[in-house]
Each structure stands twice: as C-alpha cells, then as structure tokens.
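Please look at the sequence and the 3D structure below before reading the short report that follows.

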Amino acid sequence: MAKRYDVVVVGGGPAGAVAAATASSLGLRTVVLEAATEPRLKPGEALAPECNPILERVGLSAVLASRPDVARRSAGIRSAWGGGEISYRDGFREPFGAGWIIDRSRFEQLLSARAVEAGAEWFWGMRLRAIERGDDGWRLDTSGPAAHRFDARIVIDATGRPASVARRLGARRIQYQSQIANVVAWTAQPVEAAWVSVESGPDGWWYSASAPNGSQLLAQFRDSPGVQAVASKPRIDLHDAIAATRLMRSVVALPPREALTHQAVVSAGSAALDHAAGEGWLAIGDAAAAFDPISSQGLSNAIASAEAAATAARNWIEGSSDALDAYAARMAATYDVYRDGLRAHYRTETRWRDRPFWRRHHNGRTADEGR
Ligand SMILES: Cc1cc2nc3c(=O)[nH]c(=O)nc-3n(C[C@H](O)[C@H](O)[C@H](O)COP(=O)(O)OP(=O)(O)OC[C@H]3O[C@@H](n4cnc5c(N)ncnc54)[C@H](O)[C@@H]3O)c2cc1C
C-alpha cells in the first residue's frame, strides 16, 4: 500500500532539505527520500556573502549564528589570481556582510532536522528505483533496507548533479563547461581566521578552506578528460602539485598521505537541464543547474531554488497552471546571468591565456557532453 503525499522530494542535500522545510511550512504533506544513510562529507563549505539574503529569508542566519559547531564567519577571500600579488577581500567589508564557513555534514544534519521540525517525513538510506505517472500524480518505488512505495501529486528532483529524476522524465542535461576537482580533506587544529584561499595556475586553479571543527579541505580544479566516467578520471598527487603554487603552499599544511581522511575526484563544471520543470515535477539545486565552484553560487542556488520550487509547487497544486513554467524560466534566467559572470571572471586571469584550460574558459566554450 503506497503512502500518499503532496510532495515527494528525491535527494536530501541542502536543496532537498530546504524544499521540504518550505513545502511543509506551506501546509503540503511532504516526504524526503535520501539515498545516503547519514550526511557524508561533500565538498562545498563556503557560504559566500551573497548567500546572506537567502539565509535570512529562510530563517537560517540566526540558526547559524547560534551554532558555532556548524558555522563560523568567514574572514573573507584571500587570492592569488590575475597577477603575482596576493589580494584580500575582507568579509566584514562585504555589502551583504561576511560569509560563513560550514561543517558540511553538520550543516546537512541541521537542515534535515529543520525539515522534520517543519513537518516533513524523512527517510535515510532510500534510493529512488522507479517513477511512473498515475491518474492523480506520481508513483515512486524505492530500494534500500526496506523497499517502499510513495504516491505524490508533485515530485521535486534534488538529486544533485545526476539529476536522476528529471532525466528519467525526459529532461536533457546540457554541459556548458567540464572541469574536475581533486579533493582531499584532513583534520587539524581549527585556524584562527577562517579565510577561503583561491589561486590560479597554468592548468586550472586551487581552493582551500578550514571548517569550524578543524576539518581542512583542499581542491585542485582542472580540465576534465572529456566524457569519461568520474571513476576513471585520474587522481593526481596534490602533494607534488602544491609545491608549484605560491599562495597554497604557504597557507596549507598538507599532512602526510596516510593522514588524509578523504580523497576524491568529482565533477565540478557547469551544467543545467534544458528545462527545470515539467508537468508535475521540478528540479532544484545542482539537479537543475550546477555551478562552477569558483562562483561560490552552488549553495545559494540550492537554497534559493528550493524555496522558489516549494512555493511554485504549492501554487500549482492550488490551481496556478503556469507556476512550474514560471519557475523553470526563472532558473534559466539565473543560469544565463551566471554564465556571463563566469566568463568575465575567468577573463580576469590573462597570464596563461594560451593554455587549454584558460583558452576554454575565456571563450566560454560549450561542451555538450550529456552529463
Ligand atoms: C569541489 C567542489 C567544491 C564546492 N565548493 C562550494 C563552495 O565552497 N560553496 C558553494 O556554495 N558551493 C560549492 N560547491 C557546490 C555545492 O556543494 C553544491 O552546489 C551543493 O551540494 C548542491 O546541493 P544539492 O542539494 O543540490 O545537491 P547535493 O548536495 O549533491 O545533494 C544531492 C543528494 O541527493 C541524494 N541522491 C542522489 N540520487 C538519489 C536517488 N536516486 N535517490 C535518493 N537520493 C539521491 C544524494 O545522496 C545527495 O545527498 C562545490 C562543489 C564542488 C564539486
């Protein structure tokens, strides 16, 4: 016997959790299906100053301020980009106020707890297996420790970059630029001033940050070797590569390889669906549009799109037939503005304009690889 909901949210990352909290607080009977059994380490720990208005809007600013174990104010961005000098963008001079550095697993745990407090049901360890259209909405089957069946009037795809619901429903994922990140993490004493550090190099760029619990993250971004699966993308040794940097090697104390708590190669380019909503469904966060991390827009887009999608879902259920198309048009407009800004930002680095990575980013080349 299937349980019946207004909204099924597939994926319980930041986007799914905020969508569920918003939908529940709008009075919609909501359930979240998350494949992982608990929040796990994911890269993405800087909430840029531009996130502050949306954090305020969804009631998260005060929560973060009261949870030093989850978030701390960022000192700002320290960068070696576009020239030999190291520049500092002080967080406290930002028009929107300083950004945050989060402990990503705890942040996701907190967002999940808020969704449940707002009235949503939440299932960990439940992966979507099949979805089909019925007379009065959707029927979803899941796999996991216990297989379940859910009926819903509307389904929200919050599965991140795979966009697995929207793609099953016929949407196409269009890759604008591909890029991979070699990511390592380890634990150290929390640093006093939480700077996010960014540095460009001949074949890509670097990023590092230090989370509230002392978790340190270092990522090197570079060209993706085409359409290969993530698992087959070669990991390069960051211990050797960091020696050629200027800023990173002076601010990051990379421990011996055996002390690393996490190592992964992940996709980190720009990609978006050809349409972010259709009859009875919407995609949010990275599922709708995934942003290059240099933009620091991923988490703000996850939260803002989740809030907008939950409101559109409520309006659609109440009879506003164009609510989902209007949401999709808004996502498309956001992504267009982002792409212009991205190209302009990469063009501020001119030292290696003839190297393949920079040539591609300066040209804003489209790489439709279907991922
Ligand atoms: C290297 C790197 C660094 C980044 N740094 C930053 C940063 O500093 N600041 C920033 O703002 N952004 C950053 N980002 C981007 C940011 O992490 C993402 O934008 C953000 O995670 C998007 O949230 P989401 O909820 O849409 O997707 P996700 O966080 O990917 O969550 C999707 C969830 O769906 C679940 N799921 C997937 N498939 C299924 C299924 N079939 N059934 C059930 N559940 C499923 C997954 O388990 C996952 O928990 C970075 C990204 C990368 C790759």
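## A helix pair and a pocket

In this predicted model, helix 1 (residues 14–25) and helix 4 (residues 104–118) pack at an angle of about 20°, with their axes 8 Å apart. Helices here are DSSP runs (H or I, at least four residues) and strands likewise (E, at least two), numbered from the N terminus, while axes are lines fitted to C-alpha atoms over the stretch in contact, with angles from 0 to 180 degrees between N-to-C directions. Helix 1 and helix 4 are therefore roughly parallel to each other, a label given to angles under 35 degrees.

Where the helices meet (contact means heavy atoms within 4.5 Å), the residues of helix 1 include Pro14, Ala17 and Val18, and those of helix 4 include Arg104, Phe107 and Glu108.

The second largest pocket is lined by 35 residues, of which Ile77, Arg89, Ile294, Ser295 and Ser296 lie nearest its centre. A pocket is an open set of points on a 1 Å grid where a 1.4 Å probe fits, with protein on both sides within 12 Å along at least five of seven lines, and lining residues have an atom within 4 Å of a point. The largest share of this lining, four residues, comes from helix 10.

Residues are numbered from 1 along each chain as its sequence is written. Local features need pLDDT of at least 70 and side-chain atom pairs pLDDT 80 or more, whereas totals for chains, interfaces and linings use all residues, and side-chain values use heavy atoms, leaving out hydrogens and water.

Terms used:
Angles under 35 degrees count as roughly parallel, over 145 as roughly antiparallel, 65 to 115 as roughly perpendicular and the rest as oblique.
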